[in-house]
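Hi,

Here is the structure I promised to pass on. Have a look at it first, and then read my notes below.

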Amino acid sequence: MSRPSAPSALARMSVLGALLAIPWSVQVFAVGDATFLFAWGLVNTNPPSVTTLFDFLFVYTRGLPAYILAWPLSTLFYAAALASAAVGWRTGREDPRVTAGLLVVAAVAQFRLAWGFSIQPGRIAWPVASVAFLAVAWWGYWPMLRQSVGR
């Protein structure tokens, strides 16, 4: 039985780039409001507003709990994974262990953020990016990792 081949570098790069468009975490409050956290910022439903990651880090950070720092950390790990994939796409030399590992670490950081929100009364957070990062690591890099171990 043949093993499935890894997706092309362009396909992996495209899927990684698409992760910018999905909410990385969705916080739902008991009163029905929600906050959608993206790599670039967050969107609140009540009142409707957008806060960029830059503003969040440099304007609104006074007095916030430490678990929220998992958001910019996961963004950095994701950016590094995206850069690794971009270099691989342009040069044909990508180390799948690096890119997949960065995605796994970003997934853990996003899970930490969602957990931090969820332990507070009256809200729950769904770590959408944790699932997405692990799915991309498995889909895009597991065939190459398995092949390198199986030699």
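First, the ground rules. This is a predicted model, where local features need pLDDT of at least 70 and side-chain atom pairs count only at pLDDT 80 or more, while totals for chains, interfaces and linings use all residues. Residues are numbered from 1 along each chain as its sequence is written, and side-chain values use heavy atoms, with hydrogens and water left out.

**Overall build**

The protein has five helices and five strands; these are DSSP runs numbered from the N terminus, with helices (H or I) of at least four residues and strands (E) of at least two. Starting at the N terminus, the order is α-β-β-β-β-α-α-α-β-α. Along the principal axes, the C-alpha atoms fill a box of roughly 55 × 30 × 25 Å. Of the 151 residues, 39% count as buried (buried is under 20% relative accessible area, exposed is over 50%, and partly exposed is in between, with a 1.4 Å probe and protein chains only). Contact here means heavy atoms within 4.5 Å. Among contacts between residues at least 6 apart in sequence, 60% join residues at least 24 apart.

**Helix H3**

H3 covers residues 70–91, and its 22 residues should span 32 Å at 1.5 Å a residue (the expected span is 1.5 Å times one less than the number of residues). The end C-alpha atoms are 31 Å apart, which agrees. Buried residues in H3 include Trp-71, Ser-74, Tyr-78 and Leu-82. Just after the helix, Gly-92 takes a positive phi of about 80°.

What does Ser-74 touch, leaving aside its neighbours within four places in sequence? It is in contact with Trp-24, Ala-106, Ala-109 and Gln-110. Ser-74 counts as buried because its relative accessible area is 0%.

**Aromatic rings**

The structure holds seven aromatic pairs. Rings of Phe, Tyr and Trp (its six-membered ring) pair if their centres lie within 6.5 Å; planes under 30 degrees apart are stacked, over 60 edge-to-face, and the rest tilted. Trp-24 and Tyr-78 make an edge-to-face pair, at 5.2 Å centre to centre and 80° between the planes. That pair links distant parts of the chain, since Trp-24 sits in the loop between helix H1 (9–18) and E1 and Tyr-78 in helix H3, 54 residues apart. Trp-24 is buried at 0% relative accessible area, and Tyr-78 is buried at 3%.

Another pair is Tyr-67 with Phe-117: the centres are 5.3 Å apart and the planes at 80°, so this one is edge-to-face. Tyr-67 lies in the loop between helix H2 (53–58) and H3, and Phe-117 in helix H4 (residues 96–118), so the pair ties together parts 50 residues apart in sequence. Both residues are buried. Trp-24 and Tyr-78 also belong to one aromatic cluster with Phe-133.

The protein exposes about 8700 Å², with carbon and sulfur atoms supplying 69% of it; accessible areas come from the Shrake-Rupley method with a 1.4 Å probe, and for residues only the protein chains shown count as cover. Finally, Arg-146 lies in helix H5 (residues 128–149) and counts as partly exposed because its relative accessible area is 25%. Its C-alpha atom is separated by 26 Å from that of Leu-76, 70 residues apart along the chain.

Cheers
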